[in-house]
Amino acid sequence: MQALMERLDRHASIARDPNAPTLRPADAATLIVIDRKGRHPKVLMGKRHEGHKFMPGKFVFPGGRIEAPDRSMSVVGTLHPRAEQTLMARVTRPSPQRSRALALAAIRETFEETGLLLGTKDYGAPEKAPAGAWASFQERGVFPDLEALQVVGRAITPPGRVKRFDTRFFAVDRTAIADEVEGVVGPQSELVELTWVTIDKALALDLPPITAVLLGELRARIDAGFFPELPVPFFHQKRGRFVRELL
């Protein structure tokens, strides 16, 4: 872990732009889909298009910012109390609504980038859905299921970047995939490739430093039983150095 933290510090120092404006980090969410059926768990990772200005060619988990429709989409289930507690810790104006929107942003972004619809078909189609990506859930008869999500990490982009995010990392088992839209991933898409890989193999890919750190945390969490009550690591800078706190 120490080596990975040092890597975070080195990367932050190299990437820092002294001319960048002081930005407040935007709320964002990432979703890690895990296949735990085999002896060695696998995670779903996507390779970003080389033409992107932000992390070109890197292997990442799907994710992005909260969007307005995420605040009104119908769901089944509720966030685990420990997950909600974690999402409301160390934030300005914490609220269950904000926590819910973060979880839904992770599910929506995963659909938009991979074509995977996470949730359940056990209750039929949602009666209403906002326009855009959520309309596909209604068309496919999939309700997002918040109960299936677990919070596994949080990280804030350090100052001196043209983009800053306060990212919450969620995880969900592969069994939560209720449907899939083909053709979302391809040569001209945001993600040009999807792959299921063991954590060891994922760590050998071209990753953003924080992704490598979270993979290590995820492995430890799985080894500890993958219970939602486990502590959640929070990475942020303090006095110019990354620190790891537990939420």
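Start by selecting Phe111, Trp134 and Phe137, which ring pairs link into a cluster. Two rings of Phe, Tyr or Trp (its six-membered ring) count as a pair if their centres lie within 6.5 Å; planes under 30 degrees apart are stacked, over 60 edge-to-face, and the rest tilted. By this rule there are two aromatic pairs.

A quick word on what is on your screen: this is a predicted model, where local features need pLDDT of at least 70 and side-chain atom pairs count only at pLDDT 80 or more, while totals for chains, interfaces and linings use all residues. Residues are numbered from 1 along each chain as its sequence is written, and side-chain values use heavy atoms, with hydrogens and water left out.

**The ring cluster**

Zoom in on the two aromatic pairs. Helices here are DSSP runs of H or I with at least four residues, strands are runs of E with at least two, and both are numbered from the N terminus. Are Phe111 and Phe137 buried or exposed? Both are buried, meaning under 20% relative accessible area with a 1.4 Å probe, protein chains only; exposed is over 50% and partly exposed lies in between.

Now turn to Trp134. The ring centres of Trp134 and Phe137 are 4.8 Å apart and their planes stand at 55°, so this pair is tilted. Trp134 and Phe137 sit three residues apart in helix H4, about one turn of the helix, and both are buried.

**Arginines over rings**

Next, select Arg154 with Phe234: Arg154 lies over the ring face, 4.3 Å from the ring centre. Then try Arg174, which lies over the face of Trp196 at 4.0 Å from the ring centre. For a charge to sit over a ring, NZ of Lys or CZ of Arg must be within 6 Å of the ring centre and within 35 degrees of the ring normal.

**The whole chain**

Zoom out to the cartoon, and you will find six helices and eleven strands. Of the 247 residues in the protein chain, 50% are buried. Among contacts (heavy atoms within 4.5 Å) with a separation of 6 or more, 70% join residues 24 or more positions apart.
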